[in-house]
Amino acid sequence: MESARPNCQMPRVGMLLTATDVFNASAKERSERLIRERFELLRASDKIALDSLVVDRLSSPHAALAAADAFAEACVDLILIVNVGFPDGHVFLTVATHPHLARIPLAVVAEPEPESREWATNAWCGAIMNNHVARRIGRPIVTLPGPFDGQAFEDELDRLVRVAWAIKGLRRDFLCRFGDAPGGFHSATGDQLAFASILGTRVETVDLTAVMNAFHTRTVSGLLGTECFTDEDVAATARQVSEAAAVEVEPAMLDRAARLYHAYRAIIRANGYTSASFRCWPEQNEPYIGISPCVAMGLLLINRDITAAGCEGDWPTAVAQTMGTFLSGQPAVCLDWVNHTGASEIVQLGHCGMGLCGRMAKNRVPEAPPASVITHHPVLRQASKVNGPVHIGQFEFGVKTGICLTPGTNGVLKLLAFRGESNQVTDQGMLYSAADMRVPSFRRLNRLILDHGFPHHLAMAFGDVVDDLQMLCTFLDIEYVTPDGEEI
């Protein structure tokens, strides 16, 4: 039902090996052999692009400039400077200040001294030297210590590649707003240029009349051409939903939700949009539209048509979703803080009804609602009206990451990240799409939300990507906030 990863080519990596002629030759050769082996494993496992580059060991600024030119020409997405011994100090500076590589994630890696009484490589001392330069010139970098054949280094290198992939995806994000945010949803309006300057996000708005035109005509013409869908496509999508969840609404309502999904998808494909936010109320529940978009939004996520689907026109939270989707490899969702006063370790996260087919909890407690249900809207925002369909239930139990993103008053972005875990015990049984989870640092989490002015929406990613988010914030110069320790 869902592909293995978002639709974005894996990062093209440029790796540069460097050392001066001093110190132990065999120790440097061993270090170089190990990092080359690690690099080839990344390539073989499809974690980096097959056409990633390796520059043989160099020790002069002239060779470094040629390497930097080659990286720029290849449009690399991540640069690894590998100190296999003490480096020439101009090598890092040459790459770090190259005008065509200024915003490319850059990492310096080096091994500790071999277990010997000899002072063999002095490689990590060179990494500290490089880091000093990076700080002085204002170039964000990440430093990774070896040993290169250790599990800790393998894990951190995998994280670095994931983060580079996420940054690549974010900088190619073409986000569609299906309508603006409802009145008064100030955090959902966002500062488009602030996001563009830091993340590269491009935002375009499509009016709801265009959605309904696609709904009725089954044809869309856009920037990339024309997209169409058929009644057979709609029927197949309705079957997809029916096989993944219990259906309590009449068939006509489910068919309309499936048709709305195809209308959205046709617009997305015709224009090359990669993520979206949706003005899901009040208009879409009025008779002239008459269908809630929740099920359609969930289908867009689970079928990997887009990396994010922000509720209530909230495109900034859709950006946070895209971060979670790339870092976890699974679709992240948009939720509300619900009743989080800092009084309970069970943090309730939920929204109206944008469940994910096939990704809802199957082992809920007996007194809770069914695990995954397509039903009428249980929250009557508009009194005496029957709205729907919505997809309610708890998302799959397990470890999760909350991600909340907001512009600061000083022109930078702030990101809040925290860990939690959901299970049968944490399940609060509410009639919406939910991730009720235990957060050990719940009191501090509440204070951070209020003290930093984070918005009422957040993204929820499956799995633990907190450390990935911290690394991403380092590269993009985003203020990182977490209750899971000290703020960085």
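**View 1. Strand β6 (residues 174–178) and β7 run parallel and are joined by five bridges.** L175 has V203 of β7 as its bridge partner. This is a predicted model, in which local features need pLDDT of at least 70 and side-chain atom pairs count only at pLDDT 80 or more, while totals for chains, interfaces and linings use all residues. Residues are numbered from 1 along each chain as its sequence is written, and side-chain values use heavy atoms, with hydrogens and water left out. Strands (E, at least two residues) and helices (H or I, at least four) are DSSP runs, numbered from the N terminus. Two strands pair if DSSP finds at least two bridges between them.

**View 2. Four strands form an open sheet in the order β7-β6-β11-β12, with parallel pairing.** The edge strands, β7 (202–206) and β12 (309–310), each pair on one side only. Helix α11 packs on the sheet and touches β6, β7, β11 (275–278) and β12. The direction of α11 makes about 140 degrees with that of β6. Such angles run from 0 to 180 degrees between N-to-C directions, with axes fitted as lines to C-alpha atoms, for helices over the stretch in contact. Contact means heavy atoms within 4.5 Å.

**View 3. Another open sheet has five strands in the order β2-β1-β3-β4-β5, with parallel pairing.** Its edge strands are β2 (53–58) and β5, and each pairs on one side only. On average, neighbouring strands here are turned by 20 degrees against each other, direction ignored. Six bridges join β1 (residues 13–18) to β3 (residues 78–83), and G14 stands opposite I79 in β3. Strand β4 (residues 106–110) is joined to β5 by four bridges, with A107 opposite V142 in β5.

**View 4. Strand β5 (residues 142–145) has one covered and one uncovered face.** V142 and L144 are on the covered face, T143 and P145 on the uncovered one. In a regular strand the side chains alternate between the two faces of the sheet.

**View 5. N387 lies in the loop between β15 (373–375) and β16 (390–394).** N387 is buried, with a relative accessible area of 4%. Buried means under 20% relative accessible area, exposed over 50%, and partly exposed in between (1.4 Å probe, protein chains only). Leaving aside neighbours within four places in sequence, N387 is in contact with N285, S292, H376 and H377.

**View 6. The second largest pocket holds about 280 Å³ of space.** It is lined by 17 residues, of which N7, C8, T274, T307 and F326 are the closest to its centre. Helix α11 (residues 315–328) gives the most to this lining, with three residues. The lining has five nonpolar, eight polar and four charged residues. A pocket is an open set of points on a 1 Å grid over the protein atoms alone, with protein on both sides within 12 Å along at least five of seven lines; a cavity is a set where a 1.4 Å probe fits but cannot get out; lining residues have an atom within 4 Å of a point.

**View 7. The second largest cavity holds about 50 Å³ of space.** The structure has two cavities of 30 Å³ or more. Residues S187, G190, F195, D314, P316, T317, L405, T406, P407 and P455 line the second largest cavity. Both α11 and β17 (398–407) give two or more residues to this lining, and the largest share, three residues, comes from β17.

Key:
Grid points are joined across faces, edges and corners, and a volume is the space filled by probe spheres set on the points. Ala, Val, Leu, Ile, Met, Phe, Trp, Tyr, Cys and Pro count as nonpolar, Asp, Glu, Lys and Arg as charged, and the others, Gly among them, as polar.
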